[in-house]
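Please find below a short note for a reader who is new to this entry. The points are numbered and may be read alongside the display.

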Amino acid sequence: MHPNGWDMNLHHERIEASPPASTMSFCLTTDLTGNGRPDVIVGALGDEHEVQFPLVDKSVDLLSVFGMGPLARWLQTNVFWYENPGWERHDVASAPELSVGGSLGDITGNGRPDMVAGQNIHQHKLWWFEIPDDPREQWTRRLITDDFEKYHDTAVADVDGDGQNEVVGLSQESKTVFYYDIPEDPTREPWPVANRHVVAEDLDVEGVAVEDVDGDGEVEIVAGPNVFHRTTDGWDREPIADDWQCTRVAIEDIDGDGELEIILVEGDEPYLDDRPARLGVFDPPGWDLTLLHDDLSNPHSLDVADFDGDGNPDIFVAEMGLEDGHEPRQFVFHNDGAGHFEQKELSAGIPTHEAKVVDLDGDGIPDIVGKAYTEPRVDVWQSNP
C-alpha cells in the first residue's frame, strides 16, 4: 500500500487473445460512445490472411497463393476498437501495413475525434479516418498524401497558431518532418501539396508532440530529441540530445518549477543498435539530463500520470519483449515533486507496445492498456482502489 493510500497492485486482464491481426502497431484511447469511459483503438500491420470458404469447409491463407498477397493485405480489417465496459471488439476499417504512431483529433470540424495513421516501411500512404456518429459502423478512409515513405508518428494539433488543427507527420524513410493545413474540404484526395509545410528534412526521428515548451505563447513541435520553434521564415531546430535514437516523447513539468521538461525513452533499443535503451528527463533551458534508467529492452511505451495520488506526475515505461531471453517489464518511476524518482516494477512477463495510462473505470486512479507488437494479445491492468 502506498503511503497516500493507493494500492499499486494492478489486476491484469487479457481482453483479446485472437485479434484480427497478430502484428499490431498503435494503441489509442478515447471515449467513442459518450459514456464517459475511454475505449481502446488498435491499428495493425495486417498479417492475418486466412479467408474462410464455408461451402468447402476449409480456409486458405491468401499469402500462400501466388499473386494474392497484395489482395490479402487490402482485404484485412486491421483497425478495430474495444468498447468499455465489456471489451466487445468492433472491426471498423481496412488499411494495409499501418505503422506505429496513429493519432486522434478533429479533422472535419464537427467537434468529434477522427483518426490519422500512415503506412509502414516500403509503403507511402498517409490516411485519415472519419469516425461516424455511431463508431461501431465502418470508418471511412481517405488519403492525405502518398509522397513519403513510412510514417512513424503523427499528431493532430494547431501548430501554426491559426486556431485550426493541422496534421503533423514524421516520415522516417523520407527523413522529413511536415504538417498539412486541413483543406476546406478534407474529404478530397489527396490533400493539396500547397497545404503542406516542411518543418525539417534529412532527419530520421521517432516520437512527436505539440506543446508550448518554452512558455512563449506559441507551440513548438517536438520531434524525437529536437524542439522546432516557429519563426517568420519557417522552423528553427533546437537539438536537445544528439545521440538518443528512436525515441518516444512525453512533455510534463516534472520538478514543479513551472517549466516543461521533455522525457525521452529509446523505444527500439537494443533491437536497432545492439545496446540497452535509456530513459531520461531533459530540463530546460539547457536540457540537462537526469538519467533514470540505462538498461531497458525496447521500451516502446512511455506515459506520464500520477500513479500514487500525491499530486506529482510519475513516469511509466513498458518493454516490447523483442529481445530473446529477456522478460519484458513495466515500470513506474515515482516522482517526489522535485524531480527525484523511485523506481518500481509493476509487472513482468507480458510484452507491451504503445501502452497508454488512462482511467478506464472512472475511479480516479490510473489504469494501463496496451497490446503486444508481435503477439496476438491486447491487455489491461486495472488498479485496485
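1. Patches are made of residues with over 30% relative accessible area and no salt bridge, like charges being joined within 9 Å. In this predicted model, a surface patch of negative charge is formed by Asp273, Asp274, Asp294, Asp295, Glu323 and Asp324. Glu323 sits in the loop between β25 (314–318) and β26 (329–335), and its relative accessibility of 33% makes Glu323 partly exposed.

2. The loop between β25 and β26 also holds Glu319, which pairs with Arg329 of strand β26, ten residues away.

3. The whole structure contains 17 salt bridges. One of them joins the side chains of Glu218 and Arg230 at 3.9 Å, N to O. Glu218 belongs to the loop between β16 (208–211) and β17 (220–223) and Arg230 to strand β18 (residues 226–231), so this pair ties together parts twelve residues apart in sequence. Glu218 is partly exposed at 34%, as is Arg230 at 26%.

4. Asp379 and Arg377 form a salt bridge of 2.9 Å, N to O, and both residues are buried. Shared partners connect Asp243, Glu266, Glu269, Arg275 and Arg278 into one network of salt bridges.

5. How many of the six residues of strand β3 (residues 39–44) are buried? Six of the six are. Asp39, Ile41 and Gly43 lie on one side, with Val40, Val42 and Ala44 on the other. Strand β3 runs antiparallel to β2 (residues 24–30), with six bridges, and pairs in the antiparallel sense with β6 (residues 79–83) over four bridges. Leu28 stands opposite Ile41, and Gly43 opposite Val79.

Definitions and conventions
Residues are numbered from 1 along each chain as its sequence is written. This is a predicted model: local features need pLDDT of at least 70, side-chain atom pairs count only at pLDDT 80 or more; totals for chains, interfaces and linings use all residues. Side-chain values use heavy atoms; hydrogens and water are left out. Patches are made of residues with over 30% relative accessible area and no salt bridge: like charges are joined within 9 Å, nonpolar side chains (Val, Leu, Ile, Met, Phe, Trp, Tyr) within 5 Å. Accessible areas come from the Shrake-Rupley method with a 1.4 Å probe; for residues, only the protein chains shown count as cover. A salt bridge is a side-chain nitrogen of Lys or Arg within 4 Å of a carboxyl oxygen of Asp or Glu. Lys and Arg count as positive and Asp and Glu as negative; His and the chain ends are not counted. The place of a charge is taken as NZ of Lys, CZ of Arg, CG of Asp or CD of Glu. Helices (H or I, at least four residues) and strands (E, at least two) are DSSP runs, numbered from the N terminus. Buried means under 20% relative accessible area, exposed over 50%, partly exposed in between (1.4 Å probe, protein chains only). Two strands pair if DSSP finds at least two bridges between them.
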